[in-house]
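Here are my notes on the model you asked me to look over. Have it open beside you while you read.

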Amino acid sequence: MAEWYPLYFVLAGVIVYGAAYFLYAKWYDKHVWSPDPKRATPAHMYMDGIEFFPTSKYVLFGFQFKGIAALGPILGPFVGIHLGFIPALIWLLVGNFFIGWIHDYSALFMSVRNEGKTMGPLTYELISPRARTALIGFLLFYLILITSVFVLLCGMFFALWPGSFIVVVFTIISGLIMGLMMYRMRIPIVHSTIVGIIILIIGIVLGGHFTGTYWPATWPPKLYWPLWLGMLITAIICFIGAVTPIIWWTQPVNYAAFWPCSIGVILIIAAAFASPATGVVVKLEPFYSDIPGLEGIYHSKVGPVWPVLPVTIACGAISGWHSLVGTSGSARQLDVETDALPVGAGAMLLEGLLALSALACYMVLDRDLIGLLGWKKWSCLVYGASTMVGAMFGLPVGEAPYNPYLVAFWGSWLELYAITVEQMVVRFFRLAMAEATAGRPALRALIGNKYVASIICLLVGGAFAYSGAWINLWTLFGGSNQLLAGLALLLTSIYLAKVKKPTAFNLGPAIFMIVTCEGALIWESFFVFLKKILAGTPIAAGALADLVEAELKAGYMGVYYYTAMALNVIFFIFGVVLIILGLLVAYDGFRSYFRFKRAPPEEAEEKAEE
């Protein structure tokens with residue numbers, strides 16, 4: 001068989017996403033939403049310098065991209081190891097072209113046209129109070145779920161690659177200085193950005209230097225720091241990001257992180273284009289299964305390609321998280337309506353390239369090497385990226401993954417994608433908690449204020465993470481995340497029906513995502529959790545898994561075994577609750593959609609608001 005190079009598949013992504021933006025998205029932008037550059041946006045109407053303030057589209061693009069792009073599009077494509085890279089590639093290309101960017105753009109624009117309102121109030125107004133209550137409950141669980149996983153992984157990345165801590169510190173310094181220069185000193189964005197990038201370069205060089213001196217790369221990697229220390233550092237950074245005004249911390253820090261994160265994508269794409277010259281070839285199978293005859297269709301550790309694949313690759317093609325970033329963040333900073341297309345659609349298509357880049361890093365590893373790396377997604381990503389990019393710079397394939405500067409860069413690349421999003425997760429949790437307690441002043445003062453709510457999010461998520469219970473939550477993450485995307489698409493369809501605009505481009509993807517994600521949650525709840533519960537073999541990880549294993553080796557089922565079993569039962573119940581909440585919101589949503597669809601044309605909303 002002829003050798004395949006990563007070039008072929010990354011090039012396909014560049015062509016498909018280019019067509020999505022310059023053909024489909026521009027047509028959709030003009031004929032469905034019709035942005036008006038003269039119409040006042042919420043950033044101008046309610047400017048307070050805290051949540052609402054107009055922002056340059058270049059800064060906002062960086063903020064949006066770093067707000068939506070986390071570990072999902074990087075670690076999710078690892079499913080290509082189990083089913084083959086072709087199913088993963090098809091979903092990344094087709095899903096983003098027809099669903100992903102439409103979801104992000106529409107959610108952002110819907111909020112802009114509705115005074116910068118978030119998902120909760122929009123659901124209340126467009127669907128029903130019951131749907132709003134169900135959605136808020138869904139969001140609180142969903143955000144705890146993300147926190148439990150991201151706090152653990154951020155702490156782990158700090159412990160595995162301590163050089164990443166140096167890079168993160170310099171990224172924060174870079175962002176704070178750029179924010180000060182742009183917003184306080186009124187220095188032009190170009191000059192501020194140059195200063196920020198210089199600071200970033202210093203941090204990356206120092207991270208590589210200290211990695212080579214004190215924390216040399218080993219494969220599989222070892223923990224240089226205690227895991228709890230990395231998790232504590234993560235919690236402190238995210239708490240500060242959650243409670244400070246977004247203009248002074250989260251936005252400029254995310255903008256600073258955009259540069260190394262996007263440069264990493266560019267480096268992998270360039271390495272893929274250079275692969276025929278460097279000799280880095282694809283080693284994974286296009287279709288694979290551990291059961292003969294079911295290649296690309298089913299794998300015993302993953303499940304069926306549908307509905308599991310579209311939720312396992314939880315970002316890169318579409319993600320419900322993005323609707324929260326758009327409605328709770330970027331919509332309140334949009335300077336003019338015409339900026340929505342590059343910010344909303346453009347950032348999502350760039351995330352698609354990020355996912356394709358990650359898939360390319362996995363594709364160049366063979367199964368024996370993946371086994372030596374312990375089947376850990378993050379280790380395979382750093383090893384594969386170092387191999388591809390190192391070869392482009394002339395390093396021997398076997399030496400590149402040990403180069404301290406490459407290892408420090410890709411370790412910090414993972415860290416920045418995770419920690420910049422986690423600080424927004426905590427911020428959105430405390431906003432959702434404030435909405436959930438809005439009708440009860442005493443309760444809101446107790447747990448709905450921004451400090452206590454942020455601490456609750458980090459403590460509960462951190463406890464799940466450190467105990468190992470996060471593995472149960474992660475099983476449900478993909479289904480819940482993508483179901484949120486389906487519900488957001490339904491919400492935008494309802495709004496478009498209300499203002500008598502075309503809805504098919506949103507409604508079709510909404511139906512597909514809701515059906516797919518309800519199916520995935522049913523699979524995860526009944527065919528994963530319930531099956532393990534009935535078999536008496538609970539899912540566990542981390543410290544809890546070690547304690548359970550010690551009990552079983554000693555020949556008895558003790559307190560840790562039953563704790564793990566209880567957690568499996570709890571999260572099975574959570575899965576069932578998520579299924580019911582999703583169905584409630586979808587049922588009320590479709591009723592609302594058809595009510596607006598049948599209603600006589602109203603006075604044009606745009607005219608009424610002028």
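1. Ground rules. This is a predicted model, so to speak: local features need pLDDT of at least 70, side-chain atom pairs count only at pLDDT 80 or more, and totals for chains, interfaces and linings use all residues. Residues are numbered from 1 along each chain as its sequence is written, and side-chain values use heavy atoms, leaving out hydrogens and water.

2. H15 against H19. Start with helix H15 (residues 321-328) and helix H19 (residues 404-436), whose axes come within 11 Å and cross at roughly 70°. (Helices are DSSP runs of H or I, at least four residues, numbered from the N terminus; axes are lines fitted to C-alpha atoms over the stretch in contact, with angles from 0 to 180 degrees between N-to-C directions.) That angle makes H15 roughly perpendicular to H19, a label for 65 to 115 degrees. The crossing is left-handed, meaning that the near helix is turned anticlockwise from the far one by less than a right angle.

3. Who touches whom there. H15 brings Trp321, Leu324, Val325 and Ser328, while H19 brings Val421, Met424, Val425 and Phe428; contact means heavy atoms within 4.5 Å. These residues divide into seven nonpolar, one polar and no charged. (Ala, Val, Leu, Ile, Met, Phe, Trp, Tyr, Cys and Pro count as nonpolar, Asp, Glu, Lys and Arg as charged, and the others, Gly among them, as polar.)

4. H12 against H19. Helix H12 (residues 250-273) and H19 have axes that come within 10 Å and cross at roughly 145°, again in a left-handed crossing. Look for Ala257, Pro260 and Val265 among the H12 residues in this contact, and for Trp410, Trp413 and Arg427 among those of H19. The contact residues divide into 13 nonpolar, six polar and one charged.

5. Glu51. Is this loop residue buried or exposed? Glu51, in the loop between helix H2 (42-45) and helix H3 (57-68), is buried because its relative accessible area is 11%; the cut-offs are under 20% for buried, over 50% for exposed and partly exposed in between, using a 1.4 Å probe and protein chains only. Its side chain makes a polar contact of 3.0 Å with that of Arg427. (A polar contact is a pair of N or O atoms within 3.5 Å; within protein, one must be able to donate a hydrogen and the other to accept it, and residues adjacent in sequence count only if both atoms are side-chain atoms.) Among the residues Glu51 touches are Ile246, Ser328 and Arg430.

6. Asp366. You'll find Asp366 in the loop between helix H16 (340-363) and helix H17 (367-372), partly exposed at 29% relative accessibility. Its side chain reaches the backbone nitrogen of Asp368 at 3.2 Å, and one of its polar side-chain atoms lies 2.7 Å from the backbone nitrogen of Leu369.

7. Most residues other than glycine have a negative phi, and most peptide bonds are trans. Now check Trp219 to Pro220, a cis bond with omega near 0°, and Trp306 to Pro307, also cis, with omega near 10°. Pro307 is in helix H14 (residues 305-312). Arg186 has a positive phi near 55° and is exposed at 65% relative accessible area. Trp375 has a positive phi of about 55° too, and is partly exposed at 39%.

Terms used:
Helices (H or I, at least four residues) and strands (E, at least two) are DSSP runs, numbered from the N terminus. Angles under 35 degrees count as roughly parallel, over 145 as roughly antiparallel, 65 to 115 as roughly perpendicular and the rest as oblique. Lists of a residue's contacts leave out its neighbours within four places in sequence.
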